[in-house]
Amino acid sequence: MAQPIRVVIADDSARARDGLRALLATWSEVEVVGEAVNGQEAVRLVAECQPDVVLMDLHMPVLDGAQATQLVKQQWPSITVIVLTIYAAEQTAALAAGADAFLIKGGAPERLLAALGMGVAGGEP
């Protein structure tokens with residue numbers, strides 16, 4: 001069996017983190033290795049856990065998701081950052097910050113799974 005895709009969830013909403021964790025737990029190919037409530041904590045967790053993928057919300061306190069994405073991609077360019085947000089209009093800003101993929105929260109779970117696979121294999125979602 002292949003190694004699971006190691007994921008850090010970064011979202012200031014406990015409900016969003018809980019929902020993502022529950023969804024990801026249904027896929028044996030995925031392991032959640034950390035959860036952050038702000039961008040600063042996300043960067044710290046990436047340094048500690050060295051995940052394959054970070055699921056990053058853009059709107060968080062202390063350090064927002066765009067800034068955290070830039071820091072992660074500068075320090076660990078091989079780690080995939082997937083921005084998850086409710087605002088479709090933020091795609092340009094997310095990709096400009098260095099995000100590898102952009103998904104709307106509440107979309108089809110298959111799109112998230114495809115994006116996670118893309119994060120490790122380097123393909124398209």
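The structure described here is a predicted model, in which local features need pLDDT of at least 70 and side-chain atom pairs count only at pLDDT 80 or more, while totals for chains, interfaces and linings use all residues. Residues are numbered from 1 along each chain as its sequence is written, and side-chain values use heavy atoms, with hydrogens and water left out.

Helices (H or I, at least four residues) and strands (E, at least two) are DSSP runs, numbered from the N terminus. Strand 1, residues 5–10, has 5 of its 6 residues buried (under 20% relative accessible area, where over 50% is exposed and anything in between partly exposed, with a 1.4 Å probe and protein chains only), and it is therefore largely enclosed by the rest of the structure. From strand 1 the chain passes through helix 1 (residues 14–25) to strand 2 in a right-handed β-α-β crossover, meaning that, with the strands pointing away from the viewer, the path from the first strand over the helix to the second runs clockwise.

Strands count as paired if DSSP finds at least two bridges between them, and strand 1 takes part in the two pairings tabulated here.

| Pairing | Sense | Bridges |
|---|---|---|
| Strand 1 and strand 2 (residues 30–36) | parallel | 6 bridges |
| Strand 1 and strand 3 (residues 53–56) | parallel | 4 bridges |

Within these pairings, Ala-10 has Ala-36 of strand 2 as its bridge partner, whereas Ile-9 is bridged to Leu-55 of strand 3.

The axes of helix 2 (residues 39–49) and helix 3 (residues 65–75), which are lines fitted to C-alpha atoms over the stretch in contact, with angles running from 0 to 180 degrees between N-to-C directions, come within 9 Å and cross at roughly 20 degrees, so the two helices are roughly parallel to each other. Gly-39, Val-43 and Val-46 of helix 2 make the contact (heavy atoms within 4.5 Å) with Ala-68, Leu-71, Val-72 and Gln-75 of helix 3.

Most residues other than glycine have a negative phi. Gln-50, in the loop between helix 2 and strand 3, has a positive phi of about 45 degrees and is partly exposed, with a relative accessible area of 40%. Val-62, in the loop between strand 3 and helix 3, likewise has a positive phi, near 70 degrees, and counts as exposed at 60% relative accessibility.

Notes:
Parallel < 35°, antiparallel > 145°, perpendicular 65-115°, else oblique.
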